[in-house]
Amino acid sequence: MVSAQLMEFVISEVSRHVRTSKGYETESFVNPMTPVDSVSAFAIARLLIERDAFDVCVSVAPEGHVYGYFFDLFNVQILSVHVDYPPRRCEILDDLGPVRGKRILILEDDVASGTTLRHVVNTLVEYEPARIDLFLGRRKDAQVLDSIHPGIEQVFMAEDQLDAGRRSEYERQFVEYFAPLMERAGRCD
């Protein structure tokens, strides 16, 4: 079982990561900058990396960086783009040259109207990736999946990819990974 103190540590690390990432905003309209389920976010990042499901992540800042934190733990290359609000255009925050001919995994928290994804996908297509997939951090009941851009080949969500019967194993792996980090940071459980 994951202690409240360890979970608070991870959430504070996610928050720090998001605040120091490209595309961070402080406006009041942005979504909460915390993962819905940190254990699942960690487990799905690890699973997709083990499956070799992508080559490069493109985080839709700032909310995508909430989940980008977990991919970043495993030294995955994460490039940033930002879509203004209301969504009108995609701003490129990193050189997107590395996506050419690669399998891209867009990191986003949710899909509502699909306008943000349309801007991101249209921008990425200009760089000729081999394929574009999408990771969504929030649960299905928080998504409008019909609004996903047709240029996205596969959507990865923790509830579809992770085995609910293995939750205790995912929690054990989470504790094994983060408890030493918390100790090194001087916050003991």
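Which residues of α3 are buried? They are Gly 64, His 65, Val 66, Tyr 67, Gly 68, Tyr 69, Phe 70 and Phe 71, where buried means under 20% relative accessible area, exposed over 50% and partly exposed in between, with a 1.4 Å probe and protein chains only. That makes α3 mostly covered, with 8 of its 9 residues buried. Helices such as this one are DSSP runs of H or I with at least four residues, strands are runs of E with at least two, and both are numbered from the N terminus.

A quick word on the ground rules. This is a predicted model, so local features need pLDDT of at least 70 and side-chain atom pairs count only at pLDDT 80 or more, while totals for chains, interfaces and linings use all residues. Residues are numbered from 1 along each chain as its sequence is written, and side-chain values use heavy atoms, with hydrogens and water left out.

Helix α1 (residues 4–19) holds His 17, which counts as buried because its relative accessibility is 12%. Setting aside neighbours within four places in sequence, His 17 is in contact (heavy atoms within 4.5 Å) with His 65, Gly 68, Tyr 69 and Asp 72.

Strand β2 (residues 78–83) has 6 of its 6 residues buried, so it is largely enclosed by the rest of the structure. Both of its faces are covered: Ile 78, Ser 80 and His 82 are buried on one side, and Leu 79, Val 81 and Val 83 on the other. β2 pairs with β1 in the parallel sense over 5 bridges; strands pair if DSSP finds at least two bridges between them. Ser 59 has Ser 80 as its bridge partner in β2.

**Aromatic pairs**

The structure holds 11 aromatic pairs. Rings of Phe, Tyr and Trp (its six-membered ring) pair if their centres lie within 6.5 Å; planes under 30 degrees apart count as stacked, over 60 as edge-to-face and the rest as tilted. Two of the pairs are set out here.

| Pair | Centre to centre | Angle of planes | Type |
|---|---|---|---|
| Phe 42 and Phe 178 | 5.3 Å | 65° | edge-to-face |
| Phe 54 and Phe 71 | 5.8 Å | 70° | edge-to-face |

Phe 42 in helix α2 and Phe 178 in helix α6 are 136 residues apart, so this pair links distant parts of the chain. Phe 42 counts as buried at 1% relative accessibility, and Phe 178 does too at 0%. Phe 54 lies in the loop between α2 and β1 (56–61) and Phe 71 in helix α3 (residues 64–72), so their pair ties together parts that are 17 residues apart in sequence. Phe 54 is buried, with a relative accessible area of 8%, and Phe 71 is buried at 0%. One aromatic cluster is formed by Phe 42, Phe 74, Phe 174, Tyr 177 and Phe 178.

**The second largest pocket**

The second largest pocket has a volume of about 270 Å³. Its lining comprises 19 residues, with Asp 37, Ser 40, Ala 158, Glu 159 and Leu 162 nearest its centre. Elements that give two or more residues to this lining are α2 (38–50), β5 (131–136), α5 (158–161) and α6 (167–184). The lining divides into 11 nonpolar, 2 polar and 6 charged residues (Ala, Val, Leu, Ile, Met, Phe, Trp, Tyr, Cys and Pro count as nonpolar, Asp, Glu, Lys and Arg as charged, the others, Gly among them, as polar). On a 1 Å grid over the protein atoms alone, a pocket is an open set of points where a 1.4 Å probe fits, with protein on both sides within 12 Å along at least five of seven lines; lining residues have an atom within 4 Å of a point. Points are joined across faces, edges and corners, and the volume is the space filled by probe spheres set on them.
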